[in-house]
Amino acid sequence: MDRRRFPRLEAPLYARPARLRRVDKQQVLDASLGGIRIYSDELYTQDSELELDLFLRDGSSVECKARVAWTRKLAKDAVARFEVGLAFTDVPPLAMDKLKSVLVADDEGGPADS
């Protein structure tokens with residue numbers, strides 16, 4: 001059963017912690033208007049709040065806030081130490097409009113909500 005409440009966003013979308021310009025932005029694995037799924041080498045505590053910069057394919061970026069919905073430890077030989085689901089908690093209206101502009105319906109199954 002597909003538990004998604006929000007349609008998926010069209011890729012590519014990149015993210016990094018807000019105001020950490022020295023940190024490379026990374027590709028988002030899965031995204032919707034409800035949140036994103038990323039890889040991370042840092043362990044985040046469930047329900048902790050993060051500020052994010054999201055980078056859209058047109059070169060623009062938006063800032064938003066999210067909470068850690070879940071984390072999964074990955075195998076030692078994986079591309080990162082953790083997979084992290086982030087749920088958006090505060091997306092300014094202009095940022096939401098930009099995200100909606102790349103919205104695509106997802107009729108295929110797949111991972112549950114980010």
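Two strands are taken to pair if DSSP finds at least two bridges between them. Helices (H or I, at least four residues) and strands (E, at least two) are DSSP runs, numbered from the N terminus. The structure described here is a predicted model, in which local features need pLDDT of at least 70 and side-chain atom pairs count only at pLDDT 80 or more, while totals for chains, interfaces and linings use all residues. Residues are numbered from 1 along each chain as its sequence is written, and side-chain values use heavy atoms, with hydrogens and water left out.

The protein contains seven strands and one helix. Along the sequence these elements follow the pattern β-β-β-β-β-β-β-α. In general, the strands of a sheet pair through backbone hydrogen bonds, either parallel or antiparallel. In this model, seven strands make up an open sheet with antiparallel pairing, in the order E2-E1-E5-E6-E7-E4-E3. Strand E2 (26–27) and strand E3 (30–32) are found at the edges; each has a single partner strand, so one side of each is left without a neighbour in the sheet.

The partner of E2 considered here is strand E1 (residues 14–17), and the two are joined in the antiparallel sense over two bridges. Within this pair, Tyr14 stands opposite Gln27 of E2. Helix H1 (residues 93–100) packs on the sheet, where it touches strand E5 (49–55), strand E6 (61–73) and strand E7 (82–90). Contact here means heavy atoms within 4.5 Å. The direction of H1 makes about 70° with that of E6; axes are lines fitted to C-alpha atoms, for helices over the stretch in contact, and angles run from 0 to 180 degrees between N-to-C directions.

Strand E5 pairs with E1 in the antiparallel sense over four bridges, and Ala15 stands opposite Leu54 of E5. Strand E5 also pairs with E6, again in the antiparallel sense, over seven bridges. A hairpin is formed by E5 and E6, with five residues between them, and Gly59 in the turn has a positive phi of about 90°. Strand E6 in turn runs antiparallel to E7, to which eight bridges join it; there, Thr71 stands opposite Val84 of E7.

Buried residues account for 41% of the 114 residues in the protein. Strand E5 is mostly covered, with five of its seven residues buried. A nonpolar core is a set of buried Ala, Val, Leu, Ile, Met, Phe, Trp, Tyr and Cys residues joined through side-chain atoms within 4.5 Å. The largest such core has 24 residues, and those with the most contacts inside it are Ile36, Leu54, Leu86 and Phe88. Two or more residues are given to this core by each of E4, E5, E6, E7 and H1.

Thr45 lies in the loop between strand E4 (35–40) and E5. This residue is exposed, with a relative accessible area of 58%. Thr45 and Val68 are 23 residues apart in sequence, yet their C-alpha atoms are 6.9 Å apart in space. Of the contacts between residues at least 6 apart in sequence, 59% join residues at least 24 apart.

Conventions
Buried means under 20% relative accessible area, exposed over 50%, partly exposed in between (1.4 Å probe, protein chains only).
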